[in-house]
Amino acid sequence: MEMPTEKRYPIVMRDIEEDWRNAEHSMGTSIMAVQFDSGVVVAADSRTSMGAYVSNRVSDKLTPVHERIYCCRSGSAAHTQFVADIVKYYLELHSLELNTLPTVLSAAQLFKTVCYRNKNNLTAGIIVGGWDPVHGGSVYSIPLGGVLVRQPFAIGGSGSTFIYGYCDANYKENMTKEEAVAFCRNALSLAMARDGSSGGVIRTAVITKDGVEREMLPGNELPTFFE
């Protein structure tokens, strides 16, 4: 009796590539910002993906929109870059009109307006952090849909779901700069260890009245918690 033979289908390269070659660039991401005693720390991982394909291991998700105001971007890379460019343009005009530094709230309101009015067409989650002479350091979150919320710290992106408990348990008011940087690096390291769409290096920016200090922590120097 002849045994039935198993059908084998040829693997077509076109089918394999379909997942990532035609996929949208996504900032599958872990981002956060935290207010401390004299300013704000914004931080993010550096992995950009297209489906299951990592298209950039060292992308910069911390985008300056003015001298002392940064945004952290999550969602579609194209959408968030475009929104940040729009906000940067209008914020510069606003600053020239006032002849002074714009407030972080003004930047957050601009992000909120663009994201809310285009909520059905945009995939953009934004965290805005910075320092201004009126309110000092402040952090605002604009998640999908365009709502605007001021928070002492904000987390976002796909990796944020893994670190809500850590952040709630370890955040404290009036942290020093060093404590705030360590808080961000520890939280992002935990997110990157669990989330497949987050990884690479950790970029941080410390924003105070004196300016912006940017640092990069390489992947081989990330804090570990499992050893």
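In this predicted model, the buried residues of helix 3 are V104, A107, A108, F111, V114 and C115, where buried means under 20% relative accessible area, exposed over 50% and partly exposed in between, as computed with a 1.4 Å probe on protein chains only. Because these residues cover an arc of only 130 degrees around the axis, they are placed on the same side of helix 3; the arc is that of the directions from the helix axis to the C-beta atoms. An α-helix has 3.6 residues a turn, so residues three or four places apart point the same way. Helix 3 (residues 104-117) contains 14 residues and reaches 20 Å from its first C-alpha to its last, close to the 20 Å expected at 1.5 Å a residue, the expected span being 1.5 Å times one less than the number of residues. Its buried residues pack against strand 5 (62-66), strand 6 (69-75), helix 2 (77-98), strand 7 (124-132) and strand 8 (136-142), with contact taken as heavy atoms within 4.5 Å. Helices (H or I, at least four residues) and strands (E, at least two) are DSSP runs, numbered from the N terminus.

Residues are numbered from 1 along each chain as its sequence is written. As the model is predicted, local features need pLDDT of at least 70 and side-chain atom pairs count only at pLDDT 80 or more, whereas totals for chains, interfaces and linings use all residues, and side-chain values use heavy atoms, with hydrogens and water left out.

C115, one of the buried residues of helix 3, also belongs to the lining of the largest cavity, together with K119, L122, A124, L144, G145 and G146. On a 1 Å grid over the protein atoms alone, a cavity is a set of points where a 1.4 Å probe fits but cannot get out, a pocket is an open set with protein on both sides within 12 Å along at least five of seven lines, and lining residues have an atom within 4 Å of a point. The largest cavity has a volume of about 40 Å³, and a search of the whole structure finds one cavity of 30 Å³ or more.

About 250 Å³ of space lies in the largest pocket, compared with about 210 Å³ in the second largest pocket.

The second largest pocket is lined by residues including S189, M192 and R194, and of these S189 and M192 are listed among the buried residues of helix 5. Helix 5 (residues 177-194) has 18 residues and reaches 26 Å from its first C-alpha to its last, close to the 26 Å expected at 1.5 Å a residue. The cover of its buried residues includes strand 1 (31-36), strand 2 (39-44), helix 4 (164-170), strand 11 (202-208) and strand 12 (211-217).

Over the whole chain, there are five helices and twelve strands, and buried residues make up 46% of the 227 residues. Among contacts between residues at least 6 apart in sequence, 62% join residues at least 24 apart.

Notes: Grid points are joined across faces, edges and corners, and a volume is the space filled by probe spheres set on the points.
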